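Please open the structure in your viewer and keep the selection panel at hand. The stops below say what to select next and what is there.

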Amino acid sequence: MRPSGSNYGTCIASQDNSMCVHYKTLDEFWRSTEYSATRDKMDTTLEAGWYRFGVGTGRMPTTCPRYLHGGGHYPAYAYDLEKMPEPDEGSVKFTIMWRYTGNNCAWTSKKGYVRNCGDFPVYWLPKQTNSYTTYVAEADSCSADEYTGTSVSLFLFHRGTETVSVLQKSKISFYFRD
């Protein structure tokens, strides 16, 4: 068993669920794969350890994300993690790859681990030293187009001493973001 670094000392190969309790949460909105990198984020300050994603689906993408998404230039993904392990399988090793420019989906790689905690996964993420690389979460299954709906608006205005209400039905588009 190898220690996970400074993140609470939880061992990677531990069969207990200590990593399901002792983890850090990555919940910045820009970690979603739908977020384009208008700012240059990077995870060079994250220590190796167990992390839970608090955005999107809460899971690392298993396909190559788009370049300049997830807050930085080079988003990470779980290259060979074909399915989420069952909770009783313990920690499962997988390869983390980082997207590079163009169609290069295999710029650099490191080993990571995932543990299914039942309601959510946690990931053992290694220290990353390359600038503008980010650990990202898969966007939720809803695209902005799916948030289009019909809304009813109520307008109130005064006419003399009487309040008049007018209902107006219109089609609008909106997108929720924390």
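Begin by selecting Arg52 and Phe120: Arg52 lies over the face of Phe120, at 3.7 Å from the ring centre, where a charge counts as over a ring if NZ of Lys or CZ of Arg is within 6 Å of the ring centre and within 35 degrees of the ring normal. The model is predicted, so that local features need pLDDT of at least 70 and side-chain atom pairs count only at pLDDT 80 or more, while totals for chains, interfaces and linings use all residues. Residues are numbered from 1 along each chain as its sequence is written, and side-chain values use heavy atoms, with hydrogens and water left out.

Next, select residues 49-53 and 121-125, which are strand 2 and strand 6, running antiparallel and joined by 3 bridges; strands are DSSP runs of E with at least two residues, numbered from the N terminus, and two of them pair if DSSP finds at least two bridges between them. Within this pairing, Tyr51 has Tyr123 of strand 6 as its bridge partner.

Now show the whole open sheet, whose 7 strands follow the order 1-2-6-5-4-3-7 with mixed pairing. Strand 1 (24-26) and strand 7 (133-134) stand at the edges with a single partner strand each, so one side of each has no neighbour in the sheet.

Finally, select Tyr67, Tyr74, Tyr100 and Trp107, which form one aromatic cluster; rings of Phe, Tyr and Trp (its six-membered ring) pair if their centres lie within 6.5 Å, and planes under 30 degrees apart count as stacked, over 60 as edge-to-face and the rest as tilted. The count by this rule is 11 aromatic pairs, among them the stacked pair of Tyr74 and Tyr100, at 5.1 Å centre to centre with 25° between the planes.

Conventions: Helices (H or I, at least four residues) and strands (E, at least two) are DSSP runs, numbered from the N terminus.
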